Amino acid sequence: MSLDELYSHLWRRNMDPENEVAQRRYLSLRAFFNWAIKEALLPEGRKLKILDLCAGTGIAGAALLETLREWNVEGSLTIVDKRKDDLLKVDSWLEDEREVYGAVMDCLDDLKKLGEFDVVLLWGNTMPHFDPYQAADLFRNVAEVLIPTGVFMLEETDRFGAFFYGRNYREIVPEAKGDDCTIVSLDEGYNPLRGTIRRGYYKLPGWEKMGEVDTRYWDLAGLAGMGKILFEEARVITRREHGVVGVSDVIYFGHPRR
């Protein structure tokens with residue numbers, strides 16, 4: 001089984017427009033972006049260009065686009081993901097026809113070919129997929145495509161604090177349970193040169209190996225500090241601060257350094 005199939009087992013419900021979990025998630029995102037606009041966290045302008053990275057079905061970008069419309073701000077949305085089938089579902093989140101573009105590519109590729117943007121989103125707690133070197137490349141990519149007053153918002157949670165300080169890390173984790181199988185992950189080693197832990201994923205019964213994922217358990221301050229090199233403003237918006245159930249902590253970067 002490919003890693004794409006693995007992802008579809010583990011995280012599909014969080015972004016599939018037909019899933020009730022994803023529909024509730026969409027409403028939470030709308031509430032967060034409404035709060036962000038009230039707090040003047042977005043660039044000023046009557047039309048904003050949005051780039052949604054690792055977008056999946058575009059749930060986050062679509063939520064921001066629809067929220068902007070409620071505030072009489074026009075917007076365009078570009079969504080980037082490696083899975084074309086997911087990108088094609090973005091229209092399911094939109095109330096009517098909007099200016100939306102899909103790009104099947106890796107967010108570590110050259111994003112400058114997509115143009116400049118006012119807002120870049122990376123939603124869904126996806127940073128564990130990036131080791132420190134990749135995270136540095138990602139942040140540089142984002143800084144290069146933002147306008148001088150642009151912002152980059154990154155949804156994430158403090159896994160280092162939860163797993164290691166809070167001692168919640170487990171070598172064997174039940175990840176998902178379906179009608180005919182259970183998926184578990186196992187710790188299969190630490191790579192000190194990349195700062196990652198390899199998790200092997202298996203389907204039970206039978207212990208059929210589905211794939212491996214190298215995972216970096218980030219802390220929020222580490223990500224914000226890395227971004228501070230590339231952005232004049234870097235801070236963490238905690239769940240308590242924004243108060244929206246269903247949205248994690250958000251790392252906020254503003255004004256890319258030139």
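Predicted model: local features only at pLDDT ≥ 70, side-chain atom pairs only at ≥ 80, totals over all residues.

Student: Which residues line the second largest pocket?

Tutor: Look for Ile-37, Ala-40, Leu-41, Leu-42, Pro-43, Glu-44, Gly-45, Arg-46, Leu-48, Leu-68, Trp-71 and Val-73. The space in this pocket is about 200 Å³.

Student: Next, helices. How do I describe two that pack together?

Tutor: For two packed helices, you give the angle between their axes and the distance between the axes. Here, take helix 2 (residues 20-38) and helix 3 (residues 59-70): their axes come within 8 Å and cross at roughly 50 degrees. Helix 2 and helix 3 are therefore oblique to each other, and the crossing is right-handed.

Student: Which residues of helix 2 and helix 3 make the contact?

Tutor: On helix 2 they include Tyr-26, Leu-29 and Phe-33, and on helix 3 they include Ala-63, Leu-64 and Leu-68. By class, this contact has 11 nonpolar, 2 polar and 4 charged residues.

Student: And what about helix 5 and helix 7: at what angle do they cross?

Tutor: The axes of helix 5 (residues 132-145) and helix 7 (residues 220-228) cross at roughly 45 degrees and come within 10 Å. That makes helix 5 oblique to helix 7; their crossing is right-handed. Pro-132, Ala-135, Ala-136 and Phe-139 of helix 5 touch Leu-223, Met-226 and Gly-227 of helix 7. That contact has 6 nonpolar residues, 1 polar and no charged ones.

Technical notes: Residues numbered from 1 in each chain as written. Heavy atoms only, no water. Axes fitted to C-alpha atoms, helices over the stretch in contact; angles between N-to-C directions. Helix = DSSP H or I, 4+ residues; strand = E, 2+ residues; numbered from the N terminus. Parallel < 35°, antiparallel > 145°, perpendicular 65-115°, else oblique. Left-handed = near helix turned anticlockwise from the far one by under 90°. Contact = heavy atoms within 4.5 Å. Nonpolar A, V, L, I, M, F, W, Y, C, P; charged D, E, K, R; others polar. 1 Å grid on protein atoms, 1.4 Å probe; cavity = no way out; pocket = protein on both sides within 12 Å on 5 of 7 lines; lining within 4 Å. Points joined across faces, edges and corners; volume = space filled by probe spheres on them.
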